[in-house]
Amino acid sequence: MHASTDLDASAKPGTSALAFIRSPIAALILALGLLSPLLTVTIPQPIGPMFWDHYLYLDAANRLGDGQIPSVDFFAPVGALGYYLFAALQAAFPSGHPLLLASWCLLIVTGPLICLVVFDIQKRSPALANAILLPFLLFSVLPFNTGDFYPYPGSDGFGVYNRQVCQLLYVLAAALIYVRSPQILIVVAAGAMIALLFVKVTGAVAGVILCLTAFAAGRLGLRSAVIAALIFFGILAAIELSLGAVSAYVADILALLDVNDGILLARLLQAASLNAGLLLPAGILCLTLFFSGLPSFSKSLREACRRPSIAAIGKVFDHNFVWLGTFVVAGILFESQNTGSQAFIFLYPLLLKIALDYVANGASKRRTIAVSLLAIAATLPPMTAVIQKSTRAWIGAVNNVRIESRNLKTMGAVNVRPILALRAERMRETYIAEPGAFEALADAGELPSFLFYSDFDFQTAWLMNVDDAIDALRAYEGANGIRFETILNIDFANPFPWLMDRHAPKRVAIGADPFRAIPPPDANVRAAVAAVDIALVPTCPTTNVNRTLLALYLPSLETGHTRIKLTPCYDAFVRNGLRPRETATGS
């Protein structure tokens, strides 16, 4: 396929404009342009499992607005890029729903990168360019994961940064496989790798595997690889010298490795099992490609042994089964650290190439059909999952009811099934009336439900509790003539500073999972917690998770704060000696 959109000087007037309108780049610009109006209004989202995960972006944006730097001023379990992009998009579209802002903010990076990739491909084949672009838009625009973590349909407010990594890997894979311009390849490879590192470090590990595969196969030339690496490390050096953020980020990563030590093998097996529907046909395809390409592989290996050279080594590695095998390994390594993702979507550009190679090379009809069917079987699961989940969520939301709120801003624009809204109210009443039962469960190390944090009624009640707590905070301030400037919520998410236009304490981690993402507090963290004006403790219900989290911070609160009952669902540690209208430093 050698079709081109290039036009010569003799083209008729208007032809150039018409060709551009029909081009894949025009389709990309149109798609991105259509997203903007959707962010000018607050579109309610159907509540989903672990929905509070995306509230971390609100906390981060508030901290960035205060001048805090991720990793430097507070512990962050992932890279800072997503937080900065979210804050930028939120500043441009303050009415946009936080979930859509968090899901689409990466297009600020991936949009220009995929545009370069499509620009290079469409010179040879507009059809191929569209075949690469359209799946990218599908996964980027629909904010849903490929895996199921709850039986009921709802929005996937969790795993946003994992989806972003997968979208970056898709762009990187497409560039390494199809881009022929060295300049474009350098820009896309360097841009994608720096973005991967500062979204999630495990994404950068997967990206390195993809780049090494392309380099070994001769697709990424030595000169291009060196220039891309220099750009990459040059950007790192500039960030480190100006902010000190790179070394701080590395320290956070090492702390996370220490907290999660010893569970890698189990998570590798989990990643493989969760994606078995895709990995099984991909594995069979890899074996099929190996045996069918064994004569060519053996020949290239013998040539490389007889007359070693970069070109000869490149021919050894430039076999489809090598590409597919390394890509699968990269995907499993990345998914081993994830809960929620658009898993293995970056295989699609490679699977498309494999199928096209068999058609173009005149392989036997039977073998071509077999390879094509296996490629399709490995390609379709992510696409069908995202389409099905988005359709179920939005069709199912037709009869949902809006959660009423007074203080939740755009964060409160959610809806839920009436029966689950009623259950949320009833469960909250039970948590208040029967605290002993849930304390007994916490004593036993059990949650009220095995999928407790995925339960729609919990996520709904949590929002209601936050709404009530803000009313109580303002009433307390008014009655005592004070203002809480620094607010800590001893829970997974802390949206209170953003909701009340206040400040989060420095040093304290964002995304507080005490079992996976919180290292033991050091002296700086303990001092920051001791200085907060108020620390909130959720009690509807008491859980072993919140108990563990509170145990980390309680030594810093016991002497300088007084515990009160703020609402039936929140206790609070109020700083002693807080004077009327005192303005805290927030340090």
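These legends go with close-up views of a pocket and a strand in a predicted model. Local features need pLDDT of at least 70, side-chain atom pairs count only at pLDDT 80 or more, and totals for chains, interfaces and linings use all residues. Residues are numbered from 1 along each chain as its sequence is written, and side-chain values use heavy atoms, leaving out hydrogens and water.

**View 1. The second largest pocket holds about 740 Å³ of space.** Here a pocket is an open set of points on a 1 Å grid over the protein atoms alone, where a 1.4 Å probe fits, with protein on both sides within 12 Å along at least five of seven lines. The volume is the space filled by probe spheres set on the points, which are joined across faces, edges and corners.

**View 2. Take a look at the 27 residues of the pocket lining.** Lining residues have an atom within 4 Å of a point. Nearest the centre lie Lys-353, Leu-356, Asp-357, Tyr-358 and Asn-361. Helix 18 contributes the most, with six residues; helices are DSSP runs of H or I with at least four residues, and strands are runs of E with at least two, numbered from the N terminus.

**View 3. Strand 5 (residues 534–538) is covered on both faces.**

**View 4. Strand 5 meets strand 7 (residues 570–575) antiparallel, through five bridges.** Pairing asks for at least two DSSP bridges between two strands. Pro-538 has Tyr-570 as its bridge partner in strand 7.

Technical notes. Buried means under 20% relative accessible area, exposed over 50%, partly exposed in between (1.4 Å probe, protein chains only).
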